[in-house]
Amino acid sequence: MPAHTITLTRPDDWHIHLRDGEAMQAIIGHTAKQFARAVIMPNLKPPVTTVALAQAYRGRIEQALSACGVSKADFTPLMTLYLTDKTDPDEIARAHEADSIVAVKLYPAGATTNSDAGVTDLLGKCSKVLEMMQRVGMPLLMHGEVTDPEVDVFDREALFIDRVMIPLRKSFPELKVVFEHLTTKEGVDYVRDASGPMAATITAQHLLYNRNEIFKGGIRPHFYCLPILKREVHRQALVDAATSDSPRFFLGSDSAPHAKGLKENACGCAGCYTAVHALELYATAFERADKIDRLEAFASFRGPDFYGLPRNKGVVTLTREPYVVPLEVPYGSETLVPLAAGETLPWRML
Ligand code: NCD
Ligand code: ZN
């Protein structure tokens with residue numbers, strides 16, 4: 001008999017987009033219900049490039065949480081800084097002192113949503129900053145795709161390993177690096193075998209779907225995110241990694257809300273919304289691989305262990321009960337469409 005309930009130590013989401021203002025107010029309760037902590041991405045407009053901006057953003061997050069009845073003890077936002085060509089190494093030292101900031105995020109300029117202010121040449125422009133990060137133990141979270149428009153969109157992650165990741169880690173072998181939203185077999189092989197402090201987050205959509213999903217019966221914008229879904233062989237490699245014994249792979253949903261009209265559009269935005277049902281989606285993927293017993297390590301243990309933070313106390317429970325993903329959820333004055341809207345998942349979080 002398959003288990004009827006699963007109880008996990010409270011999990012964390014190591015990669016989330018919360019946005020700001022009324023959009024944030026509309027969705028923040030979803031993440032706070034599912035997770036005890038989340039690493040908050042800094043790709044706002046303007047980006048969160050300084051400690052002062054991160055602290056102000058954190059203040060707005062705390063207000064939004066309290067407005068939906070979530071206490072400080074129930075959910076902790078872990079803040080990040082947005083790396084630019086001009087980031088000052090002293091800002092990293094200040095971030096290290098400010099205990100609410102846990103990492104620095106690299107967006108290669110032009111790689112994804114709100115990445116215009118990102119880095120144009122990592123080793124060329126940011127060596128002093130990287131040196132400081134390595135010295136104080138501040139992790140670098142990397143959006144791992146090259147931005148060269150000549151490179152096929154499906155090859156951008158694999159090429160990033162050769163062009164950016166390997167040279168970076170040769171120059172800064174002790175720098176803590178997280179390869180964010182990993183999507184390829186090449187990425188899995190690299191992260192698994194690399195020497196030094198290295199990890200990766202994996203989204204639910206990349207565990208559940210391959211790239212055919214975007215084109216089933218027509219173009220389906222709610223399956224479009226960056227890095228884009230890849231071939232089946234890559235999905236399988238990601239499932240193997242997430243459900244393996246390696247401590248290097250952990251949960252980062254990359255839930256990235258965009259209003260319905262901006263997704264269902266002639267030039268639709270990249271991002272899948274998974275915050276409302278993240279655990280249900282991950283549980284579905286782990287069960288399909290017959291590895292539901294590995295979900296807790298992936299969702300609740302390996303992330304804090306890598307970041308050097310304590311594991312959470314308390315538990316969450318999932319029940320084997322059909323859960324119909326809502327067709328839409330409110331998003332300020334608009335709505336958004338969650339991943340797998342209208343589909344039935346086998347697990348429900350209580
Ligand atoms: C993210 C967003 O919308 O902010 N989109 C996405 O497709 N994942 C940005 C990002 O993480 O690349
Ligand atoms: Zn993201």
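The following conversation goes through a predicted model and asks how several of its descriptions are reached.

Student: What makes β2 and β9 the edges of the sheet?

Tutor: Eight strands form an open sheet, in the order β2-β3-β4-β5-β6-β7-β8-β9, and their pairing is parallel. Within that order β2 and β9 (249–251) each have a single partner strand, so one side of each is left without a neighbour in the sheet. From one strand to the next, the twist averages 30 degrees.

Student: How do you know that β2 and β3 pair?

Tutor: Two strands count as paired if at least two bridges are found between them, and β2 and β3 are joined in the parallel sense over three bridges. As an example of such a bridge, Ile-16 has Ile-40 in β3 as its partner. Helix α11 (residues 295–307) packs on this sheet, where it touches β2, β3, β5, β6, β7, β8 and β9, and its direction makes about 115 degrees with that of β9.

Student: What joins β5 to the strands β4 and β6?

Tutor: Strand β4 (residues 76–82) runs parallel to β5 and is joined to it by four bridges, while β5 and strand β6 (residues 140–142) pair in the parallel sense over three bridges. Lys-105 takes part on both sides, for it is the bridge partner of Tyr-82 and has Leu-141 in β6 as a bridge partner as well. The chain passes from β5 through helix α4 (residues 122–136) to β6 in a right-handed β-α-β crossover, and β4, helix α3 (residues 89–97) and β5 also make a right-handed β-α-β unit.

Student: Why is strand β5 called mostly covered?

Tutor: A residue counts as buried when its relative accessible area is under 20%, and in β5 (residues 101–106) six of the six residues are buried, so the strand is described as mostly covered.

Student: Why are α6 and α8 called roughly parallel?

Tutor: The axes of helix α6 (residues 185–193) and helix α8 (residues 232–242) come within 8 Å and cross at roughly 30 degrees. Angles under 35 degrees count as roughly parallel, and therefore α6 is described as roughly parallel to α8.

Student: Which residues meet where α6 and α8 are in contact?

Tutor: On the side of α6 they are Lys-185, Glu-186 and Val-188, which meet Val-233, His-234, Ala-237, Leu-238 and Ala-241 in α8. The residues of this contact divide into five nonpolar, one polar and two charged.

Student: What makes the phi of Ala-340 worth a remark?

Tutor: Most residues other than glycine have a negative phi. Ala-340 is not a glycine, and yet its phi is positive, at about 60 degrees. Its place is in the loop between β12 (334–336) and β13 (344–349), and with 3% relative accessibility Ala-340 counts as buried.

Terms used
Residues are numbered from 1 along each chain as its sequence is written. Chains are lettered from A and ligands numbered from 1 in the order in which they are written. This is a predicted model: local features need pLDDT of at least 70, side-chain atom pairs count only at pLDDT 80 or more; totals for chains, interfaces and linings use all residues. Side-chain values use heavy atoms; hydrogens and water are left out. Buried means under 20% relative accessible area, exposed over 50%, partly exposed in between (1.4 Å probe, protein chains only). Helices (H or I, at least four residues) and strands (E, at least two) are DSSP runs, numbered from the N terminus. A crossover is right-handed if, with the strands pointing away from the viewer, the path from the first strand over the helix to the second runs clockwise. Axes are lines fitted to C-alpha atoms, for helices over the stretch in contact, and angles run from 0 to 180 degrees between N-to-C directions. Angles under 35 degrees count as roughly parallel, over 145 as roughly antiparallel, 65 to 115 as roughly perpendicular and the rest as oblique. Contact means heavy atoms within 4.5 Å. Ala, Val, Leu, Ile, Met, Phe, Trp, Tyr, Cys and Pro count as nonpolar, Asp, Glu, Lys and Arg as charged, and the others, Gly among them, as polar.
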